[in-house]
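Here's a quick tour of a two-chain model, with an eye on how the chains meet.

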Amino acid sequence: MIAAALIAIMIVMLIALIRTCIGPTLFDRILAINTFSTATVLMISLYGFFNQRPEFLDIAIVYAMINFIGTVALLKLHRFDDLGHDGDES
Amino acid sequence: MEDIIIIFLLSLLAITAIAIIFMRNMLSVIMLGSIYSLLSAVIFVVLDAVDVAFTEAAVGAGISSVLFLSAFAVTGKRQVLKQKNKLIAFVTVSLTAAALIYATSDMPYVGDPNAPVQTHVAARYIEQSGSEVGIPNMVTAVLASYRGFDTLGEVAVVFTAMIAVLLLLLRREEEELDREK
């Protein structure tokens, strides 16, 4: 059962990677990379259970946090052209 | 199953690398770069190198993509194409790759018990690190105790790099302040 889930997630990774490569807009890519990161997190958790070693879940949590940082930085750069911007619109 | 996963992840890695070569939009290159680190981190997890995967995820996917993004905020998002000396670059890369591939024919197989990695100090780390150092995790024992000076040197290098980056960034802010005056 877990093997089937692993295969499904590998297919998701492939599709997300193709979408990141062909784009065409930046937002397609951001969404695709987000999906890809989520698939990575799921893959690590599932692989842990697949090998009877669920302590891999810790790494999956770290991944989930890191993805968030990267996406926020990317969107902020796109919105303000400056990572040190204080976020004030005016 | 493990083999299938590794082969699949490695081929995704190859696709990502080729896409990075042909991509001209630098933001997309950064995104593909973080996909590349995520993929290699999963490969490390599958190969049982959990601590390396941790580092790869934190440094490769997290910090370095943010660092690249802040560099692009300073410089610009487009890559300027230079069409010079492509043949020389191609020959150099091919020669280096051929030499490296030739070198792999001398390497021991993965997990070979007679490989030099397994025969020298590894046995002592495995058998005695618990009683000698008293840390349950072997990798931590090696990093923090057996190779403590090594780690100290690494910390010094990372610290120096951080000071250099901070100096460069702060300098730019000072210049902007001067211009405003």
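Axes here are lines fitted to C-alpha atoms, for helices over the stretch in contact, and angles run from 0 to 180 degrees between N-to-C directions. This is a predicted model: local features need pLDDT of at least 70 and side-chain atom pairs 80 or more, while totals for chains, interfaces and linings use all residues. Residues are numbered from 1 along each chain as written, with chains lettered from A and ligands numbered from 1 in the order written.

Start with helix 3 of chain A and helix 3 (residues 50–74) of chain B: their axes come within 10 Å and cross at roughly 5°. Helices are DSSP runs (H or I, at least four residues) numbered from the N terminus. Angles under 35 degrees count as roughly parallel, so helix 3 of chain A and helix 3 of chain B are roughly parallel to each other.

Zooming out, 31 residues of chain A are in contact with 30 residues of chain B. Chain A's side draws two or more residues from each of these helices:

| Element of chain A | Residues |
|---|---|
| helix 1 | 2–22 |
| helix 2 | 26–50 |
| helix 3 | 57–80 |

As for chain A by itself, there are 3 helices and 0 strands, in the pattern α-α-α. Its C-alpha trace spans about 55 × 30 × 15 Å along the principal axes.

Conventions. Contact = placed C-beta atoms within 7 Å. Parallel < 35°, antiparallel > 145°, perpendicular 65-115°, else oblique.
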